[in-house]
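Keep the 3D view open as you read.

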Amino acid sequence: MATTPMCTEWQFSGNEAAKEAAAAALGAYTSKLMALCDPNGKPILPPSNKAVETSNSAEKAVVKFILSGTGNAYAPSIGLPLAKSAVAEYLNRDLPKKLTAADVFMTVGCKRAIDLAVDILAKPKANVLLPRPGFPWDVVRCIYKKLEVRYYDFIPEQNFEIDFESVKKVTDKNTFAIFIINPHNPNGNTYSEAHLKQLAELAKELSIMVVSDEVFRWTVFGNNPFVPMGKFSSIVPVVTLGSLSKGWNVPGWRTGWLALHDLDGVFRNTKILQAANEFLQINAKPPTVIQAAMPDILERTPKHFFHERGSFLKHKVDIGYSKVKHIPGLTCYMKPEACTFLWTKLDISCFADIEDDQDFCRKLAMEENLVVLPGIAFRQKNWLRHSIDMETQTVEDAFERLKSFCERHSAERGASLKNVNGVN
Amino acid sequence: MGQYTNLFVPSFETDQDEEVERKTEMQTLNGGGGGVWRFKGNKAAKEAASVSMKGILSRLFENCSRDGKKTILPLGHCDPIVYPCFKTSVEAEEAVAESLRSGAANSYAPGVGILPARRAVANYLNSDLPHKLKSDDIFMTIGCCQGIETIIQVLSSPKSNILLSSLVYPLYHSYAIHDLAEIRKYELLPDQDWEIDLQSVEAIADHNTVAMVICNPHNPCGNVYTYHHLKKVAEMARKLGIMVISDEVFKETIYGKNPFVPMGIFASIVPVVTLGSISKGWLVPGWRIGWMAMNDPSNVFKTTGVVESIKHLLNISPDPSTILQFALPNILEKTKKDYFEKKNLTLSQNVDMMFDALKEIPCLVCPKKPESCTSLVTKLDLSLLEDITDDVDFCMKLAREENLVLLPGEVFGKNNWVRISIGVERSMLQDAFVRLKDFFTRHIKSQTT
């Protein structure tokens, strides 16, 4: 295309406001790695474009509203009242202090609930505490809203519990909130009741709220039960984020929520409630038709749907975990008890020609058509996140490819090659 | 009350709650609950939200009486789908049901949208365009609203300004405020079929102007711009070095004589961003799916970084449901023509009825019968009224005395005008007319000799 003199005449241009934020999203890493795969080679794993089944009842519920024509109108910006009360009722099953519909806001997926939580807190001097590692959407939004981020750490040897010392170290008078992810993506653990209570008491001591991303609460298959952070709202004000996406396998439906578990009217007094209302008034809304189906979806999905999903995931986790045990250079500290991933530490010294986790993932994509995400995407360099949400044969294939890649690049083998070539 | 419950959910609390708030704050500060919490809700969206329709509509509804003597007539906002006489097309319903049942639309979609949806929108728009759009030129959005949000955010910079018509859908203001973009208003000419006053456009543009927004068919005026007029708009924009953003969300809601002309036809003169959705055409605003189309044969949007900016922003913004994206090709391709004809006929008959009826209410003057969209705008002749100060006062009193809610022009940029929604049941319009007549008779200025 010839450069036209026309472009100098035009006064408009696209700004770069979203550029840095977009680079922090997982999608940025995934698409780059996908691009390195060979479309004419082995099937690219994890497979995309597969039909994902959700619960029959959920599907039927939405179809019902589509065909009845009662889900076609605008919903109120804070969410359809029926949906809000359905979510409140559902969450209340595990809560001593009950939520009302007014405490729940419907959002476009859990991602938008995260955006909302960040946006209402963002202020020039404020900072928030985010988990490292952690699903980076909260970082993405903080970058976009120019909200200062500080990280706290985990103790892998203690089943990835939160390192409270690391929390205290980074907190100061401008800290507004601590964000947790429970069950944790990518660590794969669920926090115990005792641990969450400790967290609540620490947050109270530091005068900050707890924001808990609980999107994976339905994909728990280990021995530890899920405990909602809202249980401790008599100690500290809590914001819970959730959606249908992971529990029902329907991330494409884009319907989630934010729930305010208030303590003595604090959210009202500090204008958190008002800020949330205002944000939602000018922002995108989830489809009315799915909101209308929420009561049916939440109340009528049979328990066995979740049991089957849990068994499916547990089985695949077992496969992946046992394969990884035989791969030197990769360490899985804890067999996941939730979510859909395996999280392994990468020991660079075991490999001949791998610089870091990004390099590992790039080469793996190119050579094996296997996409594994580098820990740096989750703010923890030299770890790897492996998806296990695939059919048995596929997951076995994936880990076989991983194994042969690691063997090919292992330091021992490399060392012998280097000797031959005389390269230092 | 049932069908209006969505209107009565207040977006924020009333005076009563402020009292509770004050009391609780005192308690907390006085040591209850372990001291003062550090976090606070910020006001980022406050001003932006305050210019939205919902604020004023809430206040108008609060003014209505709930003693049951007169049903509340909500003609201040436009959502025809809540009424049985307006339905979406059967083909659209089937398309979405099929999308759900297939299980193929449950996954995440890319930020720009799934390819079949983008391709379908390109095909749909291309039937009227000489320069054909490719699927890459289309971005899927959560309704037309997110298209507005995206393009304003992408163009905002500390010095830039955007030209908007003085009569405009309030959400443009909300986003401009929120993104700190300067808005400058150009005039429309009520006596020339609401055409754009191009001289006023040239007068307010400067070297920091980046775009002008047009709405065609026009909400709320209801006119459809001619080819001739749009060509002049394109030439003016080119002269000023700015893009045209054309909000065409009402293109399938035309019942008058003037045919619809897409702004994209003039893309060889000036680059055009077209915003659209199925919300109005198919009466499904609750499905939340729309698009942005880059009409740009000379690739200006690429070279100026606009396309890249949009992609980055869409990667960190919420997405329209994959279910709807997957169903979109069938919705766009299979809906039969007679669906639109029927729907538009109903609206046309409503417009005719109301336009004629208003002739008997001299204080409300409609300069031009709408040929599209779902409302009528009328000028308020205050000289004929006793004790009514302005459009807001008129609407507040009307709500209180007659339980009839109309939208004051202040909200859409024209003081002392009033907007009446006609996307409602016929009987409601007849009822509204009777109440307006009564109100006028009560408030008419006495003739002093």
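Two strands are said to pair here if DSSP finds at least two bridges between them. With that in hand, look at chain B of this predicted model: strand β3 (residues 161-165) of chain B and strand β7 (residues 209-215) of chain B pair in the parallel sense, and three bridges connect them. To place this pair on your screen, find Asn161(B), whose bridge partner in β7(B) is Thr209(B).

Now widen the view to the sheet around that pair. It is an open sheet of seven strands in chain B, ordered β2-β10-β9-β8-β7-β3-β4, and its pairing is mixed. At its edges are β2 (138-141) and β4 (182-186) of chain B, each of which pairs on one side only. From one strand to the next, the twist averages 20 degrees.

Helices of chain B pack against this sheet. Helix α6 (residues 115-126) of chain B touches β2 and β10 (290-295) of chain B, and its direction makes about 115 degrees with that of β2(B). Helix α7 (residues 143-155) of chain B lies across β2, β3, β7, β8 (243-247), β9 (272-277) and β10 of chain B. Relative to β9(B), this helix α7 of chain B runs at about 155 degrees.

Turn next to chain A, where four strands form an open sheet in the order β10-β11-β13-β12, with antiparallel pairing. Its edges are β10 (330-331) and β12 (373-374) of chain A; each has a single partner strand, so one side of each is left without a neighbour in the sheet. Inside this order, strand β11 (residues 341-346) of chain A and strand β13 (residues 383-387) of chain A pair in the antiparallel sense over five bridges. A handy landmark is Thr344(A), which stands opposite Leu384(A) in β13(A).

This sheet has helices lying across it as well. Helix α15 (residues 392-408) of chain A lies across β10, β11 and β13 of chain A, and runs at about 150 degrees to β13(A).

With both sheets in place, how do the chains meet? The contact takes 95 residues from chain A and 92 residues from chain B. The size of an interface is often given as the accessible area lost when the parts come together. Between chain A and chain B, the buried area is about 7600 Å², and carbon and sulfur atoms give 58% of it. Phe12(A), Tyr74(A) and Ile282(A) supply 12% of the area that chain A buries against chain B, more than any other three residues.

Helix α11 (residues 272-281) of chain A gives the most to the side of chain A that touches chain B, with eight residues. That side of chain A divides into 50 nonpolar, 22 polar and 23 charged residues.

Side chains of opposite charge can pair when their charged atoms come close. How many salt bridges are there between chain A and chain B? The count is two. The side chains of Glu308(B) and Lys19(A) meet in a salt bridge, at 3.9 Å from N to O.

Over all chains, the whole structure has 45 salt bridges. Within chain A, Asp94(A) forms a salt bridge with Arg217(A), and their closest N and O atoms are 2.9 Å apart. This pair links distant parts of the chain, 123 residues apart: Asp94(A) is in the loop between α5 (81-92) and β1 (104-107) of chain A, while Arg217(A) is in the loop between β7 (209-213) and β8 (238-243) of chain A.

Finally, have a look at some backbone details in the loops. The peptide bond from Arg132(A) to Pro133(A) is cis, with omega near 10 degrees, and Pro133(A) lies in the loop between β2 (127-131) and α7 (137-145) of chain A. In chain B, a cis peptide bond joins Asn216(B) and Pro217(B), with omega about 0 degrees. Pro217(B) is in the loop between β7 and α10 (227-240) of chain B. Ser207(A), in the loop between α9 (193-206) and β7 of chain A, has phi near 60 degrees, a positive value in a residue other than glycine.

Note on methods. Residues are numbered from 1 along each chain as its sequence is written. Chains are lettered from A and ligands numbered from 1 in the order in which they are written. This is a predicted model: local features need pLDDT of at least 70, side-chain atom pairs count only at pLDDT 80 or more; totals for chains, interfaces and linings use all residues. Side-chain values use heavy atoms; hydrogens and water are left out. Helices (H or I, at least four residues) and strands (E, at least two) are DSSP runs, numbered from the N terminus. Axes are lines fitted to C-alpha atoms, for helices over the stretch in contact, and angles run from 0 to 180 degrees between N-to-C directions. Contact means heavy atoms within 4.5 Å. Buried area is the accessible area (1.4 Å probe) that two parts lose on being put together, summed over both. A salt bridge is a side-chain nitrogen of Lys or Arg within 4 Å of a carboxyl oxygen of Asp or Glu. Ala, Val, Leu, Ile, Met, Phe, Trp, Tyr, Cys and Pro count as nonpolar, Asp, Glu, Lys and Arg as charged, and the others, Gly among them, as polar.
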